[in-house]
Amino acid sequence: MLLVLGRRVSLSFVKRVIPQYPVLLSNPILQDLRTIKFRVIHSSTVFASATRQNTDTMPERRPFVRLPTDVYPVNYGLCLKPDLIDFTFEGKLEAIVKVNLATNQIVMNCADIDIITASFVPEGGEGEEINATGFNYQNEDEKVTLSFPSALQKGSGTLKIDFVGELNDKMKGFYRSKYATPAGEIRYAAVTQFEATDARRAFPCWDEPAIKATFDISLIVPKDRVALSNMNVIDRKPHPEDDSLLEVKFATTPIMSTYLVAFVIGEYDFVEGQSSDGVTVRVYTPTGKAEQGKFALEVAVKTLPFYNDYFNVPYPLPKIDLIAIADFAAGAMENWGLVTYRETALLIDPKNSCSSSRQWVALVVGHELAHQWFGNLVTMEWWTHLWLNEGFASWIEYLCVDHCFPDYDIWTQFVSADYTRALDLDALDNSHPIEVNVGHPSEVDEIFDAISYSKGASVIRMLHNYIGDKDFRKGMHSYLLKFQHRNAATEDLWDCLEQASGKPIALVMSSWTKQMGFPIIVVDQEQQGDDRILKISQKKFCASGPHNGEDCPNWMVPISICTGEDPGCTKLKVLLDSPETTITINNISPDQWVKINPGTVGFYRIQYSSAMLEGLLPGIRDLTLLPVDRLGLQNDLFSLSRAGMISTVEVLKLMEAFVNEPNYTVWSDLSCNLGVLSSLLSHTDFHEEIQEFIRDLFTPIGLKLGWECKQGEGEPPGAGGHLDALLRGLVLGKLGKAGHKPTLEEARRRFKDHVEGKQILSADLRSPVYLTVLKHGDSATLDTMLKLHKQADMQEEKNRIERVLGAISAPDLIQKVLTFALSEDVRPQDTVSVIGGVAGSSKHGRKAAWKFVKDNWEELHNRYQGGFLISRLIKLSVDGFAIDKMAAEVKSFFESHQAPAAERTVQQCCENILLNAAWLKRDADDIHQYLLKRKAPGLNNPAPPPPFFQRGPPCIIAASAPPFSVHRWTESEHTQSRLNFSKRKNTNDDDVNKQAKNLTKR
C-alpha cells in the first residue's frame, strides 16, 4: 500500500443467498502461528528544557492475543451481494477448514458484521451438520467466538456462515465510493480496502497475514455494472431470483493473505494491453475517461517484464487489473491481481496533467506492481515486518522508474523525497525502530509512516550499494523462491542475501532495523606526505543535538569515500563497526578534497571539520560536486542548524552559493528547507525579510527559465524537458508566493486569460499561478478559484486547486476555505490536504486550522477513525507551531480526545513544536541581523561572511572560507525582468501540451 497514509451495525437480513461453490482443496503450509502477547508502552514527550527531552508514559495498552491455531482455513468460498441503494450487503461463507485440535469453539476476526447463522459440516459426510449455538463478539479485539454444542473433531470440514454488513463510508473494509456519471448523476460503487486489518469488515475470517488460504469469490451484482476481483472471471450467469442481477464467479486464487483480497462493483471503462511475457493488463477508468488510463497502461506493460527479469521469478497470475477509485484513503493498494488507486495516482490526461503527476503515476504503479512479488507472493509473517513490504517496494519503485524513464533523474529525487524525510523523522526522540512490535489492530496504522516506507527504502538502498547489484539480485531470487506462497520475517531475507554475498548482512542490518535513529559521522583529516589520514567517529544524531549519554548506540555503517580527482567514482569502502576509526587514503595531493558518502547513499548525517568543508564548498559553485552530493551537503548543514550544532545564519550563507544551481532536485530541497525556515520565522515580526532572501535567491533561475519552454529545451527528446518543467513550476511558485512583483503581475495576467478562456494555462503552470494569485488575492480571487474547482472534470485539477486554497490571506476567507474542506464538494480523503494547506500557509492560517480541527474533531475522527489519515491531519495541523505552550495544549487536547492510531504522531508533533520554539529562541536574533545587513543601503553585494561557527568543536568552516553573495535587484532591474517575463509569454502554450503528449507516448 502506498500512502499519500468501529461501530457495530445491526442490519436486518433480507434474503439469504446460498450458492453452490466449486472449491479447490489445497495442501496448506501451516505457519508457525504463535500466540503472541505484546506489551507496548508509548511515551509522550514533555520538555523540561528545549535541549533535552523528558518523556511521560502514555496509557499502557492491554496485552493482545493472536488468533488460536486449533482451527485454520484452507479455502474460502465467499459470495457477496451488495445493495448499492441501501448501502448494505449480504454474504455467505463456506470455508474449508482444518481442525488441528478438537474444540467446541472457533475464534475468528469479525467487525461491523452481524452473523445470522453458522454451522460446521465434517468432511466426507461423517456426522451431521452442527449448528452454532452462540456468537460472542469481542468488539474491542474485533473477534467473534462461534460456540458449538459439541466438540468439532480433528480433521477437515466446512464452516458455513450467513451474515450481513454495511457498505460503510469510512474508506475501509467493504465500502461505498461516490461518483458522478458523465450525465452528472450521483451513483455509488462498492469497493474494498483491507490492509491492514479490515477484511474482517467484509466477511468473518482469520484476518492475519500468516493465515493464508485460497479464495473462490462470487459476486451478485446489477447486470449493468462491472464486477472485478483478484482473479479472472470463469462464469457469468443471470441470478435465478432476479433477472436484473448477474452472478459473477472468479477463478480460484493462489494461497494468499486476507488483506490482499479485493472486489469492485461499479461503472468503468478500460484500456487493455499485454506485457511481453504474456500477462493481460487492464487499466479501469471512470466511464468516458479510458484515454486517461493509457499512460499507466504503458508503465504497467513495461514494469511487469522488468520485475520478471529482476527477480527471475514469473508473475503467477493470468491477469492484472489497475483501477481508479473515486473515494480512496491511501495512494494505492496492491491487492493481488486487482490493484486499486486514487484517481490522481492512476489517471493522466494528455493535455491537462502536469509532469509531476506523470512521475507520480509512474512511481505508484511501480510500487504496487513490485508488491505482486514482494508482499503478495512472499508475505510478512506479522505486521512487525511491514517494513519488508513497504520499504522494499518504496526502493524498487525508483529502480523501475529509472528503467522506464531515465530522463527523470529519479534517484536524485529519491534523496529529497524519501531519504531526507526519513532522516528528519528518525532524529526525533519519539521515532521508532523500523521493526516495531505490533499487537492490537489499532496499533497497525501507526507504523504506516516515513520510517516503514522511507527509512525502510533508504536502508535497502544502502544495503544494495553495500552488496552490489549482482549479489543482491541473486539473494532476492533465492528469497522469493524459498518463501513463495508462504510468509517470512526480516531475518529470512538477511539469510538469503548473506548466502548470496558472503557478507555479514544480518549483523550489519540488525543495527539499522532493530534500534531507532541513525548516526552522525564526524570526520577530520590530516595530510601526511602523499597520504590523507581520515579520523572518523560516530554518535547518535538527535534533532535536539548530539547524543552525549553513556548508553550511546552504535551502528554498523558502510562508509564510502570519493575524492576531487573523480567525484563520481568511489575510491574506498569500509565498514565502520566501532565508535571510531582511522582510514588512510594513499596517493592523494593536498589540494584534493575528500567526500564521505558519495551519492548520499549511507543513512547518516555528516559533520566535516572546517578544513574539509572549506575544500568542498567550491564544488557547489562550480558544480563539480554531483547534484545529489550538493543536495546532501546542504541538507546535512540545515539539519545541524536546527539541532543547534551550527548557526542558521551560516546555512543561509551557504544557500547563497546555490544561486547558479541548475538541478531541479537540488532546488526542490533548498525550497523545502527555506519553506521550513519561512514557517518558523512567521512567528516573528521580520517574516518579510526572509521572503526577500527567497526572492533574491530564486530570481536568477526564474529569469533563466522564463514562463515558456525555450526552443531546443529538452533536446534530444526527453533529455531534460521533464525536469525543466518541474523546475519552472517550483521556481515560479516560490517567487510568486514570496511576492516577486514581475512574477505576481504575470501570474495575474495569465490567470485572467485562463479564466476567460483566451489562453488556457499549461498543466505545469497551473499550480504556481493558482498559488500566486491566491496568496495575494481577495474574495473575488477565491470565488473564481472555487468556481474553477466546481467546473473541473478531472480529479487532478480539483486536487491542484484544493492544495493551494489555504494560501489566501484574509482571516474571513481562510475560514471560508476551512468550511469548504468539510463540504460535499471535497472528497473525504482530500479534506486533510485542504486543512493542511491552510495550516501551512501562514501564522494566522495555522491557528485557524488548529481551532477548526478542535471544533470539528468529532466529525473528523468519525470520518477517519483508526486510519492513517487521522495521523496526517494532526501532523499537518500542528507541526508548524513554535511556541512552548502549544505543545502542552496539543498534548492536553489529545489526552481528552483519544486517537489511538495517532498516539505516536501526537508525541512527535509535541516534540517538533518544542524543537521549533528552541530553534527560534536560539537563532532568531542572529537571523534578523543577518537579513538586515543584506538589505542595508549600498550593500548590493554583501561583504564576505564571517567564519562559520559551531556550538562546540569542531568548527564547520574556517575564517578563510570564500565569500558567498547574491546580487540585490534594483527597481530598474525589476522593471527589465518584468519585460523579459512578458516577452516570453507569447510562446504558444500548445508547445507545452505537445511536449506533455510526447512524454505520455514514451
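This briefing covers a sheet, a helix pair, a pocket and several local backbone features. The model is predicted. In the sheet, three strands run in the order β30-β29-β32 with antiparallel pairing, and strand β29 has seven of its seven residues buried. The second largest pocket holds about 1300 Å³ of space.

**The sheet β30-β29-β32**

- The sheet is open, and its three strands pair in the antiparallel sense.
- β30 (572-576) and β32 (594-596) are the edge strands; each has a single partner strand, so one side of each lacks a neighbour in the sheet.
- Direction ignored, neighbouring strands of this sheet are turned by 25 degrees against each other on average.
- β29 and β30 are joined in the antiparallel sense by five bridges, and P558 has L575 in β30 as its bridge partner.
- Strand β29 (residues 557-563) pairs with β32 over three bridges, also antiparallel.
- Towards β32, T563 has V594 as its bridge partner, while C562 stands opposite K595.

**Burial of β29**

- Because seven of the seven residues of β29 are buried, this strand is largely enclosed by the rest of the structure.
- Both faces of β29 are covered.
- One side of β29 carries V557, I559, I561 and T563, and the other carries P558, S560 and C562; all of these residues are buried.

**Packing of α23 and α25**

- Helix α23 (residues 843-855) packs with helix α25 (residues 868-878) at an angle of about 145 degrees, and their axes lie 8 Å apart.
- From α23, the residues R846, W850 and V853 meet L873, S877 and V878 of α25.
- By class, the residues of this contact are four nonpolar, one polar and one charged.

**The second largest pocket**

- The space in the second largest pocket amounts to about 1300 Å³.
- The lining has 46 residues, of which K178, Y179, A180, D327 and R827 are the closest to the pocket centre.
- Two or more lining residues come from each of the strands β13 (173-180), β14 (186-193) and β22 (319-325), and from each of the helices α19 (779-791), α20 (795-804) and α24 (857-864).
- The lining divides into 19 nonpolar, nine polar and 18 charged residues.

**Backbone geometry in loops**

- Most residues other than glycine have a negative phi, and most peptide bonds are trans.
- The peptide bond from E195 to A196 is cis, with omega near 10 degrees; A196 is placed in the loop between β14 and β15 (214-222).
- H485 is not a glycine, yet its phi is positive at about 65 degrees.
- H485 sits in the loop between α7 (469-483) and β26 (486-488), and at 24% relative accessibility this residue counts as partly exposed.
- L623, also not a glycine, has a positive phi of about 65 degrees.
- The loop between α11 (618-621) and α12 (627-642) contains L623, which is partly exposed with a relative accessible area of 35%.

**A contact across the sequence**

- V74 belongs to strand β5 (residues 71-83).
- With a relative accessible area of 6%, V74 is buried, because the cut-off for buried is under 20%.
- V74 and K212 are separated by 138 residues in sequence, while their C-alpha atoms are 7.6 Å apart in space.

Notes:
Residues numbered from 1 in each chain as written. Predicted model: local features only at pLDDT ≥ 70, side-chain atom pairs only at ≥ 80, totals over all residues. Heavy atoms only, no water. Axes fitted to C-alpha atoms, helices over the stretch in contact; angles between N-to-C directions. Helix = DSSP H or I, 4+ residues; strand = E, 2+ residues; numbered from the N terminus. Contact = heavy atoms within 4.5 Å. Nonpolar A, V, L, I, M, F, W, Y, C, P; charged D, E, K, R; others polar. Pairing = 2+ DSSP bridges. 1 Å grid on protein atoms, 1.4 Å probe; cavity = no way out; pocket = protein on both sides within 12 Å on 5 of 7 lines; lining within 4 Å. Points joined across faces, edges and corners; volume = space filled by probe spheres on them. Buried < 20%, exposed > 50% of the residue type's maximum accessible area, 1.4 Å probe, protein only.
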